[in-house]
There are 2 protein chains.
Amino acid sequence: MDRKHVVIIGGGFGGLTAARSLHQADVTLIDRTNHHVFQPLLYQVATAALSPGDIAWPLRTLFRSQRNVRVVMDDVLSIDRMDRVVRLQASEPIAFDCLIVAPGSRHAYFGHDEWESSAPGLKTMTDAVQLREKMLLAFEDAERRRGLTGIQNPLTFVIVGGGPTGVELAGALAELGRKAMGPDYPDLRLEDLSIVLVEAGPRLLPGFDAELSAKTAAALTRMGVLIKLGNPVSAVHADGVRVGQEWIPSTNVIWAAGNRASPLLNTLSAPQDSFGRIKIRADLTIPNEPWIFAIGDAAHCLGGDGKPLPAIAPVAMQQGRYVADLIEHGLSEAQRSPFIYKDRGMLATIGRAQAVAQFGSIHVSGILAWLLWCIVHIFFLISFRNRFRVMSEWGWYYLTFQPGARLIFERPARARNVSSADCAHE
Amino acid sequence: MDRKHVVIIGGGFGGLTAARSLHQADVTLIDRTNHHVFQPLLYQVATAALSPGDIAWPLRTLFRSQRNVRVVMDDVLSIDRMDRVVRLQASEPIAFDCLIVAPGSRHAYFGHDEWESSAPGLKTMTDAVQLREKMLLAFEDAERRRGLTGIQNPLTFVIVGGGPTGVELAGALAELGRKAMGPDYPDLRLEDLSIVLVEAGPRLLPGFDAELSAKTAAALTRMGVLIKLGNPVSAVHADGVRVGQEWIPSTNVIWAAGNRASPLLNTLSAPQDSFGRIKIRADLTIPNEPWIFAIGDAAHCLGGDGKPLPAIAPVAMQQGRYVADLIEHGLSEAQRSPFIYKDRGMLATIGRAQAVAQFGSIHVSGILAWLLWCIVHIFFLISFRNRFRVMSEWGWYYLTFQPGARLIFERPARARNVSSADCAHE
């Protein structure tokens, strides 16, 4: 067989790992941005601890020395199985011999997409920068009104979703608000600030052991976070959110609940689950297509316990490596052994020197888990350079409580007017 | 007299220096963003060598330990001399005893404001980030079309204005294009890339000695920059620019020519020059107003040679310090000695290890001037922290030729469509 042309859709953890593991094929990697984002640290950009450049890396630079990989920045509109091409917004269609579909996911609003404008999520760098700006503007606004009018002006942040992202956001916001921002806003009173973490299920971090969930809740409560468990969000408006029977007034709602796979998957004509993910076979292919794979958040892939694997980086990376291996060796369907996920443990950080970790039956919490979290994340980062930058940023933040990336850019006059009109709802 | 309330409009070099020098008065510093920008290095953000956070610092943090300064983030709509208040977009009017007007300037399009959309300038962080994105997208676009269609697709950057900003931009773009970007765009040929620097006058860097202008032109030519002198731009369109009789096709025109003072000054009812600057008196006040000052780019202030002082940071900073001194000492008009600018020399960088410097009759060029430039800019930076960051960034870039901030954020679908419609003109 000739040299194969492998097209990979998406430069996240899955697509990137697959591309890096392919050396015998010609690879085209398509992404709608020009960079890979280290998603587990996005919440640190949203809370101004890190700059976008600290946790993102241009895809072209990552593949400088891997000459068989071509990078195309474009939006994929559809996948055409008949003609064996992917159709793009700005370029000609690209033909493939093998296709790896790894477009990731957006947040799920459970049928209420209209909630997104009031409760934005945190999946891309654009999300993170917009969230950072919105949060900083909320502080500016509260300070301005308190200072000029003396009127008490409660500043409430509501985070929906008690998984790792929600817990990390709540912890980081509590620290930012109570320690870093305090001295900068002399007119704001700390009792004006409240951070509410909402989880529909009975406990935080449902993927972790119940003991670690309880420790997480206790630590967040000590940091001043109000935790509301057991009721789903039933309404989101520009001026607040309804949780069960309770109305929480807030113009700063952040969505960290649930995933909805990329709508691109609908063009694949393959069976999907209720979250839009492709129901893949044991070798991560779609039915009747031995050379079309779906991985990462796009794949509904059952784990050893019969439940779908979680939407986390290690799953996507192991899948990317597995698929690359099949392609490199040109394995026929009969020769393939099924994909098996190796669970290497879970980590979630709560705040300064506080985290929880779970490795099989071993549970760790407190500063030890936090140090583990730092080490894992630092060494997971793709290049030495970013590792160095993030380490120095964190060192600075840890020592001084001065987050380094608190910039609100000037906006054109029109955009500002829109934004102050939005504020009129407050 | 009671403790005075000093209102400062603008957190640039002039306003910031004034606020930092005032300790006996209550100060309100108003800016439309939340940060001070180190403008002389903006071109490095625009060319992806530095991240926005490297050269910007939140105003609130700068005044953490100076408790007499209050920071307000808002747009100033007008200055009311009768009622002694400034009127703001989002807040109540603020009354003042003394007023320091330092709102900076925008680029001047010589009566052709419609050129701005095709030839954006570089004054704010938003400008820099947008320019960076536009430039990176142009590379992506040229690569995509070259790779997919094989069609030669010239990539031309035109920089209008041969002052320090234009020279620095041209040099940085030439380096980025020819050295840093080359390996990342395997399908792009270097001969497709051209960088044109247009100056209406007879030589580059008109503020410098003619000998240094010639050295600058020679250095840029060696780096592959095409220099066009002696003809003004007579038309700018989305698909090119007319210089004298010549039409240069380009969708990447950058404006670095001329200043136009802030339109806010028009509300001051004071005499203005043709660039909109306030014609101030020898003590930097406006006529009949001993406690209203205009400084920096907002002021038409004559130097020892009878010509207006240039729109550069040292002028604004010396003026800020002078005004703060008058206010601190409560000097009546009769007690004031006129403002005198102390020229400490001029520097402009051309590229890696190349710069020109002029201190009175002493002229320096080449690597010595470049080292001087580095030292001056590093130590000029406001905080130790940014100094450290910028040094490590530059060290990395110098050693590896990999600029660290080449991120194109994902845009919403609508914005992307608009942008590809724009590209259709290319």
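# Briefing on a predicted two-chain model

Six of the seven residues of strand E12 (residues 193–199) of chain A are buried, so this strand is largely enclosed by the rest of the structure; a residue is called buried if 20 or more other C-beta atoms, placed from the backbone, lie within 10 Å of its own, exposed if 12 or fewer do, and partly exposed in between. Helices (H or I, at least four residues) and strands (E, at least two) are DSSP runs numbered from the N terminus. This is a predicted model, in which local features need pLDDT of at least 70 and side-chain atom pairs count only at pLDDT 80 or more, while totals for chains, interfaces and linings use all residues. Residues are numbered from 1 along each chain as its sequence is written, and chains are lettered from A and ligands numbered from 1 in the order in which they are written.

**Confidence**

- The model scores ipTM 0.78 and pTM 0.84.
- Chain A has a mean pLDDT of 86, with 87% of its residues at 70 or more; pLDDT is the predictor's confidence in each residue, from 0 to 100.
- Over residues 411–426 of chain A the pLDDT is below 50, and this stretch has eleven contacts in the model beyond near neighbours in sequence, a contact being two residues whose C-beta atoms, placed from the backbone, lie within 7 Å.
- Where pLDDT is low, the predicted coordinates should not be read in detail.

**Chain A: overall make-up and the strands around E12**

- Chain A contains ten helices and 25 strands, and 50% of its 426 residues are buried.
- Of the contacts in chain A between residues at least 6 apart in sequence, 63% join residues at least 24 apart.
- Strand E11 (residues 155–160) of chain A pairs with E12(A) in the parallel sense over six bridges, pairing being assigned if DSSP finds at least two bridges between two strands; A:Val158 has A:Val196 as its bridge partner in E12(A).
- E12(A) is also joined by five bridges to strand E13 (residues 225–229) of chain A, again running parallel, and A:Val196 has A:Leu226 as its bridge partner in E13(A).
- From E12(A) the chain crosses through helix H6 (residues 210–222) of chain A to E13(A) in a right-handed β-α-β crossover, that is, with the strands pointing away from the viewer, the path from the first strand over the helix to the second runs clockwise.

- Four strands of chain B form an open, parallel sheet in the order E13-E12-E11-E17.
- Strands E13 (225–229) and E17 (252–255) of chain B stand at the edges with a single partner strand each, so one side of each is left without a neighbour in the sheet.
- Neighbouring strands of this sheet are turned by 20° against each other on average, direction ignored, where axes are lines fitted to C-alpha atoms, for helices over the stretch in contact, and angles run from 0 to 180 degrees between N-to-C directions.
- Helix H6 (residues 210–222) of chain B packs on the sheet, touching E12 and E13 of chain B, and its direction makes about 140° with that of E13(B).
- Buried residues in H6(B) include B:Leu212, B:Lys215 and B:Leu220, and the helix is followed by B:Gly224, whose phi is positive, near 95°.

**A buried loop residue in chain B**

- B:Ala48 lies in the loop between helix H2 (42–46) and strand E4 (56–58) of chain B, and is buried, with 26 other C-beta atoms within 10 Å.
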